[in-house]
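Trainee: I would like a close look at how one copy of the chain is divided and how it meets its neighbour. Could you take me through it in one go?

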2 protein chains.
Amino acid sequence: MNLHEIIRKLHLRTDSKIVLLVADGLGGLPTWPGGPTELEAANTPHLDALAKEGTTGLLHPVTRGVTCGSGPGHLSLFGYDPTEYLVGRGVLSSLGIDFDLQAGDVAARGNFCSVDESGTVTDRRAGRIADAEGRRLAEKLQAIEVPGVELFIRHVKQYRFVSVFRGEDLGDNVSDTDPRSTGVRPRDPEPADDASESTCKAIGEFIRQAREILKDESPANMVLLRGFGRRPELPTLRDLYGLDSCAIAIYPMYRGLSRLLGMHVPEKAEKLGAQVGQMRQLWNEHDFFFFHHKSTDSSGEDGDFDGKVREIETLDRQLPAIRELDPDVLIVTGDHSTPASLANHSWHPVPVLLNSSTCRPDRTLCFGEREAIGGGLGQFPATELMALAMGHALKLDKFGA
Amino acid sequence: MNLHEIIRKLHLRTDSKIVLLVADGLGGLPTWPGGPTELEAANTPHLDALAKEGTTGLLHPVTRGVTCGSGPGHLSLFGYDPTEYLVGRGVLSSLGIDFDLQAGDVAARGNFCSVDESGTVTDRRAGRIADAEGRRLAEKLQAIEVPGVELFIRHVKQYRFVSVFRGEDLGDNVSDTDPRSTGVRPRDPEPADDASESTCKAIGEFIRQAREILKDESPANMVLLRGFGRRPELPTLRDLYGLDSCAIAIYPMYRGLSRLLGMHVPEKAEKLGAQVGQMRQLWNEHDFFFFHHKSTDSSGEDGDFDGKVREIETLDRQLPAIRELDPDVLIVTGDHSTPASLANHSWHPVPVLLNSSTCRPDRTLCFGEREAIGGGLGQFPATELMALAMGHALKLDKFGA
């Protein structure tokens, strides 16, 4: 069964509006046996009311047991099989900083890192250097010239930058130089096909010069690159669902991904409350709003259970303002789990609530992982969520007579 | 989505250990309306504790409504779609007795059976004749000569033997001669393609001579053949999961299947307690242990509800010794259901429990079919269990950034 093919044939234009509120890394774990997860521990009267009135369930972003990054996690939420639609991290990052990535450009996510005298990586994030320092170093690297290739180095945030290689026939099947652990040397970029050999040469030359330029810097005296890739051709949300969509997101990657899917991405708001204001302002112009809340994931990754609880509660307090807009379908979920106890993304299924006047009620009393096990939506692939939202918004025609 | 492709890219080598304990035919049914299943009736304090601490669910070995044999049931548990990876029963049995099956050999599982004067099957297992008798008869059959084909008859256990046909271009699309019921005559082997016509001729000749040789024996005066097949090429557990695996199994078929998947198969232990001892001895040498308990299925097939309850309780008493080994992930499940009330395998989903420090708790209080309906794992294809085990063992890298 090809879901995209079916939905393409059935979608209808209506005035109904869908809000997909993604609390990044929402799913969690207890910190002691039998204890509550972050979401269960949080005081969330508004989310609980939404869940009680509506219905809940659990989403699998990729497949059971598999942990995913935020890129694949979001693609899945938007209905794109993340194992089929592969978007490199470099592409996402470069789109997120408004870099005009052209067809054929090969982009990579870069980290400034620290290496010792032998070249061994001692800190993959160079002590998380400040924005100003990262920007200064990125500008320094922009001086590098690689024969036959136009090079773009753009600072993203802190220790993160994007490198883009523009040239003739550059393949993008290149392995990461980031070893993903400390105590080892950066890897050499390896081509996985003939077309990527010249790309590897260019990358190798860039790295050689970068090492030279950064050698007297501290703590950021080297670079690591990963997620090489070209801008992929993805069907847009308008193609698939006939939706006029808008992304209310602050972080670059999510803004970049949204653009890739053809969403309108307004100027970024400064924080959560302003995001809600922005959605209110644009409410009449779109029929699908992707609303992204990042800090649930960040606190989870920091291993900060209480911090994640607070971030969930902060989000909860915005719900009345969002409900005032009276969306026909309001979904709250995450792109993956990020339990503070693991200080990392995880494979555990993600709680989801769907609130709409067309919901069939279940016995859910609140929004939480344990409660969602018995929710009316059951457990299902995240790629099926958009079709469900469309159905509840009465935006899908009948299949067959 | 190709699960094998994903897992192949993501698996990591770590020190964590996984135990997959398969109680064959574990799932059951009540014998009176509203009564307990065998697992629910059994007194299983250790399994209940594992379930309460961990999480439970229900597995579908093939697809809803479809009953499977132990071969496909196990392939599914190990993550191989049993409708894609077809392994004949004969192949499994011949590998299980260490027969050196060569590429092109066509193997079949054989039963000594009883037929009456008209040739009608009266007992498909010839009264479950003893090992010595089965061995004597198998040796007698070895005298058969079939033109153009080298024939191997090997006793397995009791009334069971393996027949292997070795020759040029023997197809293996041959229908069973075992009618799977009594009161009818054995069927003629039928070819499903041209290449299998010569195989059918050879089999027909073998059966003709076997009938002649056995005609004065009692009760085993005829043979039934089923599960014709050639040795397939399967990816190993090391290929797929990077696991160094070991099979603690007593029965030939399970040992054969394990070998086919590249598992280390130590000499067989005599009984359940010895199996645990064997796992303890080999604990440091492997990171995945498949532990097989057969008698839950045997008693279910005999229609012996109380016997199956006892076999489950016997297994439960071994759990403390297994837990002492401190596996990072301990899974207890079955390869299919075998309700005593049906005296046969069935299609009902199989209860599964997964215990690991990385479990998200659910509200399960004990291990049983009804309780598993509300378990945190939900209902899912058995083919996804291994990926889940790998995730919980922290043996899978993140998918995408």
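**Domains, contacts and the sheet**

Mentor: Taken over C-alpha atoms, the centres of domain 1 and domain 2 of chain A are 32 Å apart. Bear in mind that this is a predicted model. The assignment for chain A makes domain 1 from two stretches, 3-86 and 234-392, while domain 2 covers 92-229. Where these domains meet, eight residues of domain 1 of chain A contact seven residues of domain 2 of chain A. On the domain 1 side, helix 9 of chain A (residues 252-260) gives the largest share, seven residues. By class, that side of domain 1 of chain A has four nonpolar, two polar and two charged residues.

Next comes the contact between the copies. On chain A, 29 residues touch 23 residues of chain B. Helix 4 (70-77), helix 13 (369-373) and strand 12 (378-381) of chain A are the elements that give two or more residues to this side. Helix 13 of chain A has the largest share, with three residues. The chain A side is made up of 10 nonpolar, 13 polar and six charged residues. Only 7% of the interface residues of chain A are also interface residues in chain B, so the copies meet through different surfaces.

Now turn to chain B and its sheet. Seven strands of chain B form an open sheet in the order 8-9-1-10-11-2-12, with mixed pairing. Strand 8 (245-248) and strand 12 (378-381) of chain B are the edge strands, each pairing on one side only. From one strand to the next, the twist averages 20°. Within this order, strand 1 (residues 18-23) and strand 10 (residues 329-333) of chain B run parallel and are joined by five bridges. To find one residue pair there, look at B:Val19, whose bridge partner in strand 10 of chain B is B:Leu330. Helix 3 of chain B (residues 45-53) packs on the sheet and touches strand 2 (55-60), strand 10 and strand 11 (350-356) of chain B. The direction of helix 3 makes about 70° with that of strand 11 of chain B.

Technical notes:
Residues numbered from 1 in each chain as written. Chains lettered and ligands numbered in written order. Predicted model: local features only at pLDDT ≥ 70, side-chain atom pairs only at ≥ 80, totals over all residues. Contact = placed C-beta atoms within 7 Å. Domains from an automatic or database assignment. Helix = DSSP H or I, 4+ residues; strand = E, 2+ residues; numbered from the N terminus. Nonpolar A, V, L, I, M, F, W, Y, C, P; charged D, E, K, R; others polar. Pairing = 2+ DSSP bridges. Axes fitted to C-alpha atoms, helices over the stretch in contact; angles between N-to-C directions.
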